[in-house]
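Let's take a walk through this structure together. Keep the picture open beside you and follow along.

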Amino acid sequence: MHLGIGHEAVGAVLGRHRRAGDAVVSTHRAHLHALAAGVDPVQLAAELLERDGLNHGKGGHMHLFDPEARFMCTGIVGAGVPIASGYALKQSLQADGALTVSVVGDGTMNQGAVFETMNLAAVRGLPMVFLCEDNHYSISVRREESTAGELRRRGEPFGIPGFACDGTDVDRVDEAMGQAFEITRNGEKKEAARTRDPVLRLRERLLDSGTPEARLEEGENRATETVAEWFAAARQRPLPGKKTAREHVFADVQT
Ligand SMILES: Cc1ncc(C[n+]2csc(CCOP(=O)(O)OP(=O)(O)O)c2C)c(N)n1
Ligand SMILES: [Mg+2]
């Protein structure tokens, strides 16, 4: 049973910053994160005891799945990290302000999948927080024997800022996690959407120069309807039939 003794501040602060709609993907040491994500405590306790609980006693303490709370974990070290990017991809497509927390241990930070996911998350601007619980050990191996460099800086080559703190000081954890959540929720992408979108820029300028909002809305509605009409008409056209597969592909050569 992988307990969270010494990790209490991280669980508590995660619960404070998590909002409905956020996803949490945890590790083999998942109980505090499950509570933070809003998993029902009795369901959780029953699952730890392999009774009829969250996953009917078949998951046990390392395989907790609660789709409603958007919480899951896995006992395979590092395996949850790419899965977490799937939640974050959906959130990014829906642009609903939600984010995904991918929890990792200090040892897990050395798994290749973590780097691959950092790269993709950065390239696609995914709303993802990599939350590393550094307890200085991976089972019996001291961090110094397995891990080079500073964990906080592992995201730097990908442009992902890192914040380190004493994980046993609840106020410092609150500060660090608060910063990470803030940057992730209100990242550059939204700023770019506002300042680099030509339609929004023109809209702002027209409003500033006195055009009534209602007039802008009327124009926007008309444009939306017009495009909808184009697509409604286009949907009336037939799909290409099998017999036409060779038509319009090769030039007709007269011999
Ligand atoms: C792919 C894989 N390799 C090895 C293991 C065995 N294992 C379970 S926990 C663990 C150490 C994880 O260390 P860390 O990421 O620091 O998390 P901690 O247990 O310290 O919270 C290992 C190697 C595993 N579960 N999965
Ligand atoms: Mg560890």
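Strand β4, at residues 100-105, runs parallel to β5, and six bridges join the two. Keep in mind as you look that this is a predicted model. Along this pair, V101 stands opposite V129, which belongs to β5.

Now zoom out to the sheet around that pair. Five strands make up an open sheet, and if you read across it the order is β2-β3-β1-β4-β5, with mixed pairing. The edges are β2 (65-66) and β5 (128-133), each of which pairs on one side only.

Let's stay with V129 for a moment. Which residues does V129 touch, not counting residues up to four places away in sequence? They are L99, V101, A180, F181 and T184.

I160 sits in the loop between α6 (143-146) and α7 (170-185). Along the chain, I160 and M128 are 32 residues apart, and their C-alpha atoms are separated by 10.0 Å. Leaving aside neighbours within four places in sequence, I160 is in contact with M118, A122 and G155.

Next, have a look at ligand 1. It is surrounded by 14 residues, and the closest are V77, G105, G107, T108 and S138. Sorted by class, the shell around ligand 1 has seven polar, four nonpolar and three charged residues.

Most residues other than glycine have a negative phi. H56, though, has a positive phi, near 60 degrees, and isn't a glycine. You'll find H56 in the loop between α3 (41-48) and β2. I139 lies in the loop between β6 (137-138) and β7 (141-142), and it counts as exposed because it has 7 C-beta neighbours inside 10 Å.

The chain is divided into domain 1 (8-194) and domain 2 (198-236), and the C-alpha centres of the two lie 40 Å apart. R196 is found in the loop between α8 (188-195) and α9 (198-208). R196 is exposed, because it has 9 other C-beta atoms within 10 Å. For a sense of distance, R196 and M62 are 45 Å apart in space, C-alpha to C-alpha, and 134 residues apart in sequence.

How many of the 11 residues of α9 are buried? The number is zero, so α9 lies largely in the open. After α9 comes G210, with a positive phi near 100 degrees.

Technical notes:
Residues numbered from 1 in each chain as written. Chains lettered and ligands numbered in written order. Predicted model: local features only at pLDDT ≥ 70, side-chain atom pairs only at ≥ 80, totals over all residues. Pairing = 2+ DSSP bridges. Helix = DSSP H or I, 4+ residues; strand = E, 2+ residues; numbered from the N terminus. Domains from an automatic or database assignment. Contact = placed C-beta atoms within 7 Å. Buried ≥ 20, exposed ≤ 12 C-beta atoms within 10 Å, placed from the backbone. Near = placed C-beta within 6 Å. Nonpolar A, V, L, I, M, F, W, Y, C, P; charged D, E, K, R; others polar.
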